[in-house]
Amino acid sequence: MKARDWDQLAAAYDDEVCDIFVRDRKKVIARWLRARGLLRGNKTLLDLGCGIGSFFQRYGRHFGEKTGTDHSRRMLQIAARRCRAVPACHWQQADARGLPPALRDYADLVVCSNVITFVSAAACHRAMRETVRGAKPGGWLLFILPALESHDAVVALESGRPIVRRKSATAIVRRDDRMQRFYTAAGARQLATRAGLKSIAVQKVWYPWSDEGLARPPRGQEPPWDWMLTARR
Ligand SMILES: C[S@@+](CC[C@H](N)C(=O)[O-])C[C@H]1O[C@@H](n2cnc3c(N)ncnc32)[C@H](O)[C@@H]1O
């Protein structure tokens, strides 16, 4: 999707896109941030593809200087408005596949949530490399990636057919008229390994069934999830 498509989606974003920082009911993300000491000491924060500023809104007050980038001007305008009570926020229009030089080695924590979903695998690897450059050496990175296993489980449930067996670590999935790359846990890990990251971990961040359009949670089924990929530069 191009920046102007995201501009158009921006106003309806709250309704159209699952906000994982709000929907993370089991508080997997908060626990990880706390356990790494990232919510103390005014750490520097960079959010690449920040959208309407959901991460800053939820966790921003625990950090010091913080910059959110996005290629969509409209997303940035909404983010700035929503986060006006959050101190030390800076906003910059930039493509995730080309980090502005001033943001190199910038952050103690880089967040990149539901952005590295490009159809082109080369674009994903490029965005990944650029994201890594935004972290200080030894700094942390937190990625949220759409989970292919979760998608396949939901499709199987809805269709009544068995879960498909896949050979590939990633796949292109159509969601709400958007083609996006989804990752298996192994695919997420490979992305980080290829970018030269260390201390790589992949864990589930569950979100409610209602975000998959199911009003009533199916009995005995694990809720859907995104992958949280964390690593150190
Ligand atoms: C699904 S939204 C996620 C927003 C936010 N990170 C979150 O998790 O709430 C994807 C965001 O990435 C931005 N985006 C997509 N492709 C991009 C690119 N090539 N460069 C910069 N931003 C991009 C979109 O404009 C949108 O704001």
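Visitor: Which residue in E5 is the bridge partner of Cys-112?
Guide: In this predicted model, the bridge partner of Cys-112 in E5 is Phe-143.

Visitor: And what does Leu-109 have as its bridge partner in E5?
Guide: Leu-109 has Trp-140 as its bridge partner in E5.

Visitor: Do E4 and E5 pair in the parallel or the antiparallel sense, and over how many bridges?
Guide: Parallel, over 6 bridges. E5 covers residues 135-146.

Visitor: How does the chain cross from E4 to E5?
Guide: The chain goes through helix H7, residues 121-133. This β-α-β crossover is right-handed.

Visitor: How many residues of E4 are buried?
Guide: 7 of the 7 residues of E4 are buried, so the strand is largely enclosed by the rest of the structure.

Visitor: And how many in E5?
Guide: 9 of the 12 residues of E5 are buried, and the strand is mostly covered.

Visitor: Let's go to the other partner of E4. How do E1 and E4 run, and how many bridges join them?
Guide: They run parallel, and 3 bridges join them. E1 is residues 45-48 and E4 is residues 107-113.

Visitor: What about E5 and E9, parallel or antiparallel?
Guide: E5 and E9 pair in the antiparallel sense, over 7 bridges. Pro-146, for example, has Asp-226 in E9 as its bridge partner.

Visitor: OK, zoom out. In what order do the strands of the sheet come?
Guide: The order is E3-E2-E1-E4-E5-E9-E8. These 7 strands form an open sheet, and the pairing is mixed.

Visitor: Which strands stand at the edges, and why is one side of each left without a neighbour?
Guide: E3 (89-93) and E8 (198-206) stand at the edges. Each has a single partner strand, so one side of each has no neighbour in the sheet.

Visitor: What does the twist average from one strand to the next?
Guide: The average is 15°.

Visitor: Which strands does helix H4 touch?
Guide: Helix H4, residues 28-35, packs on the sheet and touches E8 and E9 (225-232). The direction of H4 makes about 10° with that of E9.

Visitor: And helix H6, which strands does that touch?
Guide: H6, residues 73-82, also packs on the sheet, touching E2 (66-70) and E3. Its direction makes about 170° with that of E3.

Visitor: New topic. Where is Ser-72?
Guide: Ser-72 is in the loop between E2 and H6.

Visitor: Buried or exposed?
Guide: Ser-72 counts as buried, because 25 C-beta neighbours lie inside 10 Å. Leaving aside neighbours within four places in sequence, Ser-72 is in contact with Ala-3, Trp-6, Asp-7 and Ala-10.

Visitor: Now Thr-230. Where is that one?
Guide: Thr-230 is in strand E9. The residue is buried, with 20 other C-beta atoms within 10 Å.

Visitor: Which residues does Thr-230 touch, not counting those up to four places away in sequence?
Guide: Thr-230 touches Trp-32, Trp-140, Leu-141, Leu-142 and Ala-201.

Visitor: How far apart are Thr-230 and Ile-52?
Guide: They are 178 residues apart in sequence and 22 Å apart in space, C-alpha to C-alpha.

Methods:
Residues are numbered from 1 along each chain as its sequence is written. This is a predicted model: local features need pLDDT of at least 70, side-chain atom pairs count only at pLDDT 80 or more; totals for chains, interfaces and linings use all residues. Two strands pair if DSSP finds at least two bridges between them. Helices (H or I, at least four residues) and strands (E, at least two) are DSSP runs, numbered from the N terminus. Axes are lines fitted to C-alpha atoms, for helices over the stretch in contact, and angles run from 0 to 180 degrees between N-to-C directions. Two residues are in contact if their C-beta atoms, placed from the backbone, lie within 7 Å. A crossover is right-handed if, with the strands pointing away from the viewer, the path from the first strand over the helix to the second runs clockwise.
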